[in-house]
Amino acid sequence: MSRIGKKPVTVPAGVTVTINGSTVNVKGPKGELTRTFSDLVSLEQEGEQVNVKIVVPQEYASLSEDEFKNTKAYKAANAQQGTTRTVLSNMVEGVSKGFVKSLELTGVGYRAALKGKDLDLSLGYSHPVIYVATEGISFEVPDNTHINVHGISKERVGQVAAEIRGKRPPEPYKGKGIHYVGEHIRRKLGKAAK
């Protein structure tokens, strides 16, 4: 059985979780998130905790628990249980605390600035690169070589950070480009080393 899936999700004060069948709405001080989960699992709220349980399909109802655990249906539901629990936990954390992904620019003349809500990047091209802020995402530029991506959805924050990094990924010789803070870039030796 999924060890992560068996853990209940604790709902902190100020966050409300509304379960309507397989659709879950999480509301908190930072915002609101809604998601529809798989029919292979059911969500049950008990006080300040939400549990994710595996649903036994009708055709397997006659089997014992050990027999059901040897079926493909159980393996699929088991995988969904862990995924659902993690996604729900991220939703609760997102609406209460939010998520941040930090990027760093390395290279001569590489810099970032805010243009209204959008990001204006100078990345060594003949033109500036503008990244338009989408709904639920905000940018912070503490200095001209660092970017912080803020949001309540962990998936959106990670996706936007990856898209910004993709505008100029770090190259392996001098490490120039956009990379995550703390990311290790594998370096190659240049011609001189040969």
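**Figure 1. Two aromatic pairs are counted in this predicted model.** Rings of Phe, Tyr and Trp (its six-membered ring) pair if their centres lie within 6.5 Å; planes under 30 degrees apart count as stacked, over 60 as edge-to-face and the rest as tilted. The ring centres of phenylalanine 68 and tyrosine 74 are 5.6 Å apart and the ring planes stand at 80 degrees, so this pair is edge-to-face. Both phenylalanine 68 and tyrosine 74 are buried, where buried means under 20% relative accessible area, exposed over 50%, and partly exposed in between (1.4 Å probe, protein chains only). Tyrosine 131 and phenylalanine 139 have ring centres 5.9 Å apart and planes at 80 degrees, so they also form an edge-to-face pair. Tyrosine 131 and phenylalanine 139 are both buried. Residues are numbered from 1 along each chain as its sequence is written. Because the model is predicted, local features need pLDDT of at least 70, side-chain atom pairs count only at pLDDT 80 or more, and totals for chains, interfaces and linings use all residues, while side-chain values use heavy atoms, with hydrogens and water left out.

**Figure 2. Lysine 101 lies over the face of tyrosine 180, and arginine 168 over that of tyrosine 125.** A charge sits over a ring if NZ of Lys or CZ of Arg is within 6 Å of the ring centre and within 35 degrees of the ring normal. Lysine 101 is at 5.1 Å from the ring centre of tyrosine 180. For arginine 168 and the ring centre of tyrosine 125, the value is 4.3 Å.

**Figure 3. A salt bridge joins glutamate 155 and arginine 35.** Side chains of opposite charge can pair when their charged atoms come close. A salt bridge is a side-chain nitrogen of Lys or Arg within 4 Å of a carboxyl oxygen of Asp or Glu, and the structure holds three of them. Between glutamate 155 and arginine 35, N and O are 2.7 Å apart. Glutamate 155 belongs to helix 4 (residues 154–166) and arginine 35 to strand 4 (residues 31–36), so the bridge ties together parts that are 120 residues apart in sequence. Helices (H or I, at least four residues) and strands (E, at least two) are DSSP runs, numbered from the N terminus. Arginine 35 is partly exposed, at 32% relative accessibility.

**Figure 4. Arginine 165 and glutamate 183 meet in a salt bridge of 2.7 Å, N to O.** This pair links distant parts of the chain, with arginine 165 in helix 4 and glutamate 183 in the segment after strand 13 (177–180), 18 residues apart. Arginine 165 is partly exposed, with a relative accessible area of 22%; glutamate 183 is partly exposed at 26%.

**Figure 5. An open sheet of three strands has the order 2-3-4, with antiparallel pairing.** Strand 2 and strand 4 stand at the edges, each with a single partner strand, so one side of each has no neighbour in the sheet. Two strands pair if DSSP finds at least two bridges between them. Strand 2 (residues 16–20) is joined to strand 3 (residues 23–28) by five bridges, among them that of asparagine 20 with threonine 23. Two residues separate the strands of this hairpin, and glycine 21 takes a positive phi near 70 degrees there. Six bridges join strand 3 to strand 4, including the one between glycine 28 and glycine 31.
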